[in-house]
Amino acid sequence: MVWERIRSPNFFSSFCCCFRSKPRAHSSPSSSEALLLLQKEVDDVVVTRPGWKAMPYILGNEAIEKMATFGLTTNLMVYLVREYHMDQVFAANLLALWTCAYCLFTVLGASLADTYLGKFRTILFASFASLLGMVTITLTAFVPLLRPPPCDLAQHCISNTKTQLWILIMGLSWLGIGSAGIRPCSLPFGIDQFDSSTVEGRLAIHSFLNWYYTSATLVVLINLVFVVYIQDSVSWALGFGIPTLLMLLCAIPLFLVGSNIYVRVKPEGSIFLSFAQVLVAAYKKRHLKLLNDGRVQGVLFDASLDGNAVVSKLPLSTQSSFLKKAALVVDNELKEGGFSANVWRLCTMQQVEDVICVLKTLPIWASGGIFLIPFVEEGTFMVSQALKMDRHIGTKFQMPAGSIKIISLSIVIIWLPLYDCVIQPALKKITKYEDGIPTLKRIGMGYVFSILCMLVAGLVEQQRRALATLHGESLNGVAPMSVFWLFPQLMLLGLSEVFGALGHIEFYNREFPEKMKSIGNCLIYLCMAGATYLSSLVVTFVHSVTGKHGQSNWLDNDINAGRLDFFYFLIAGLGVLNFVYFVFCACGYTYKASVKAVEIVPDV
């Protein structure tokens, strides 16, 4: 669910100049003037960051919470079909709608955290909401009256009543509300515990991101192997009850135990209102010029975090000059004491920089939807491939088709600690960059692995289809081809997740303003929601366009009759176009600079 300047030749050597961190362009100061750059953090306030001391509580809570949540939802499709006797299409649409809804609502949860509640309170309240949803869904498995009766011997099944359906939806709603509050806040809350102003702090944040993602992936793997087995083979009530008890007895108490250690960043009011003020103020001053305009007093306005107003003559750059007009001091826009007389006409430079930081990340974010489409297909068409292949391991054991996801998850679990402990320190010595590989380069590498995954998947599917067609009648359509041939594409998908998905997460957490970390973190969930919708759109388009004039439909229910390989090549083609767009955006991107307060003494 992470990646700046490299000097030696590598996979992206042709794009090195595009991804290089660019310093902000400033004009040189006059020798007769003293310039003061406003410090983003107040020097006289020293906050001790607990760092790794807080991680056992945060990572432990996150791992247990994810085990509880995913343990309840991983196998929910099977539960709805078997126990609620739902049609597969209705059950799939219900879960897809729920997933997209909670991904979209992460924006609301992040906004509440950054604006009013703070991350700690948002995570705590959301944890209780998740617990309420888990209890409700677990009760549907414990109490027979809350679900339809079992089918009779003749396989005549009674559908669920409206009351039973609404109780289920209520449980899913509470679970979704909890996820919408926890997902965007837990990672930024962990980052808050480190001092990002030091090299050691930034390296610790990078390691924390890797271990955070590794623990989350390990939890999903445990759920696929153990919890799903209990639900399928032992009891749904026990399989749901274990995650619910973990949430109640472990996750929430563990999070509260560390409450005296955590650093809690206070919310700073409505962020969107601040954005609106910058846009309105810039529009009102659209006719002004930043330089050589007699109406302008030649200064930009800012206010320090302790409430003291500061008017500073800042060297101006041409980047986002329109928005910077919102901070130009014109006529009598300052009250006595140096405060803005009208916040809708004069904003601080900090407000302007916040808007610039957010707006310039959006083109990079827009490329995430197409990039994540292969992850959507992993749980659908790749499983269909596995069903038509030889899944035997030895003579007695047959791998479940749905378990092929374990391969991509294993790559994530193996690679991230290896990169953090071995590869990154080596790359750091070569590239002289503190993270080893720049953020945008890592994202680009993830995009390339995603494209290669689809190409390999298409080639494997061509071979599988040819063998299945040749031996189809004797083997019931199952190709005499080992399911291990799917492993290369799944390994590439795992590497794509390591570089691309985790790269997006680190990019947002680094580039977004400090007071908007939760909102920045929720962007990856919006990408996931977009990928789900885009995948459905592409599938619908392909299904409606192909299969005419006597030709087989690419996505035929019988994949031996269809052309799934062509569909994979289509996704790869979209990935190539998306990669070109990403490179174009990355070429013009300027990384956020960390500004320190300095005083430039005039030349004597």
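Predicted model: local features only at pLDDT ≥ 70, side-chain atom pairs only at ≥ 80, totals over all residues.
I began with Phe371 and Tyr447 and found both buried, where buried means under 20% relative accessible area, exposed over 50% and partly exposed in between, with a 1.4 Å probe and protein chains only. Residues are numbered from 1 along each chain as its sequence is written, and side-chain values use heavy atoms, without hydrogens and water.

**Aromatic pairs.** I paired rings of Phe, Tyr and Trp (its six-membered ring) with centres within 6.5 Å, calling planes under 30 degrees apart stacked, over 60 edge-to-face and the rest tilted. Phe371 and Phe375 are edge-to-face because their ring centres lie 5.8 Å apart with the planes at 70°. I noted that Phe371 and Phe375 are buried. Phe371 and Tyr447 are stacked, at 4.7 Å centre to centre and 25° between the planes. This pair joins helix α12 (residues 368–371) to helix α16 (residues 439–471), its members 76 residues apart; helices are DSSP runs of H or I, at least four residues, numbered from the N terminus. I also recorded one aromatic cluster of Trp52, Phe194, Phe208 and Tyr212.

**Charges over rings.** I required NZ of Lys or CZ of Arg within 6 Å of the ring centre and within 35 degrees of the ring normal. Arg286 lies over the face of Tyr283, 4.0 Å from the ring centre. The charged end of Lys360 is over the ring of Tyr589, 5.3 Å from its centre.

Technical notes: Helix = DSSP H or I, 4+ residues; strand = E, 2+ residues; numbered from the N terminus.
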